[in-house]
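Please look through the sequence and the fold below before reading on. The paragraphs after it lead from the whole chain to some of its parts.

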Amino acid sequence: MRVYVPLTLPALAEAHATGELAGGPFVAYAVTPALREWYLSDDIEELEYAALNRAALASLRLLAADPQAPRRRVVVAVDVADRVVGTDPDRGLDPEALGEVRVAGVVPLAKAASVHVDAADAEADVAAAADALPAADGGDDDARFVVDGAEDHELLWFATQEIPNLVGRAD
């Protein structure tokens, strides 16, 4: 199963240094039955794009919690065995949890298929969105507009061989 793991650049650097994405269980996003029902599409590419965008929002939340991290969303697409992926049945149709899965165990970074990162020109909008998240979560429409501004930036696709350059550790 392909899952999308939300990270920050420092977390990606740590994964690169250790060779592991995270020790489980950890949250990722995937094409779940609830996401399929919400998105109303049978096109797997569209559904995977929706899961990627859910992970990008989760990455934004990680940035809001880490003011020292560079203001660029990071998502790692990784293939894992179906048996290590589970969903929380109590959160299945919760709009905040659409596509959310829990991955058990350690996932080697070598299992990553690709990395998706904001371009440098998105940093100002991503920073503003991270700052606006608490107000947006509280129902502030103006703050929600700011958060949506970050979502207007497409994440760039990188091959896993480019991770050292992304984290400033060219090998």
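Predicted model: local features only at pLDDT ≥ 70, side-chain atom pairs only at ≥ 80, totals over all residues.

Residues are numbered from 1 along each chain as its sequence is written, and side-chain values use heavy atoms, with hydrogens and water left out.

The chain holds 6 helices and 7 strands, where helices (H or I, at least four residues) and strands (E, at least two) are DSSP runs numbered from the N terminus. Read from the N terminus, these elements follow the order β-α-β-α-α-β-β-β-β-α-α-β-α. The radius of gyration, taken over C-alpha atoms, is 15 Å, close to the 16 Å that the globule rule (2.2 Å times the number of residues to the power 0.38) gives for 171 residues, so the chain is as compact as a globular protein of that length. Of the 171 residues, 44% count as buried, meaning under 20% relative accessible area with a 1.4 Å probe and protein chains only.

Strand β1 is mostly covered, since 5 of its 6 residues are buried. It pairs with β3 in the antiparallel sense over 6 bridges, where pairing requires that DSSP finds at least two bridges between two strands, and the bridge partner of Leu 7 in β3 is Val 74. Leaving aside neighbours within four places in sequence, Val 5 is in contact (heavy atoms within 4.5 Å) with residues including Leu 21, Phe 26, Val 74 and Val 78.

Helix α3, residues 44-65, has 22 residues and reaches 32 Å from its first C-alpha to its last, close to the 32 Å expected at 1.5 Å a residue, the expected span being 1.5 Å times one less than the number of residues. At the start of α3, a side-chain oxygen of Asp 43 comes to within 2.9 Å of the backbone nitrogen of Glu 45. Further along, the buried residues of α3 include Leu 47, Ala 51, Arg 54 and Leu 63.

Note on methods. Buried < 20%, exposed > 50% of the residue type's maximum accessible area, 1.4 Å probe, protein only. Polar contact = N/O pair within 3.5 Å; in protein donor to acceptor, adjacent residues only side chain to side chain.
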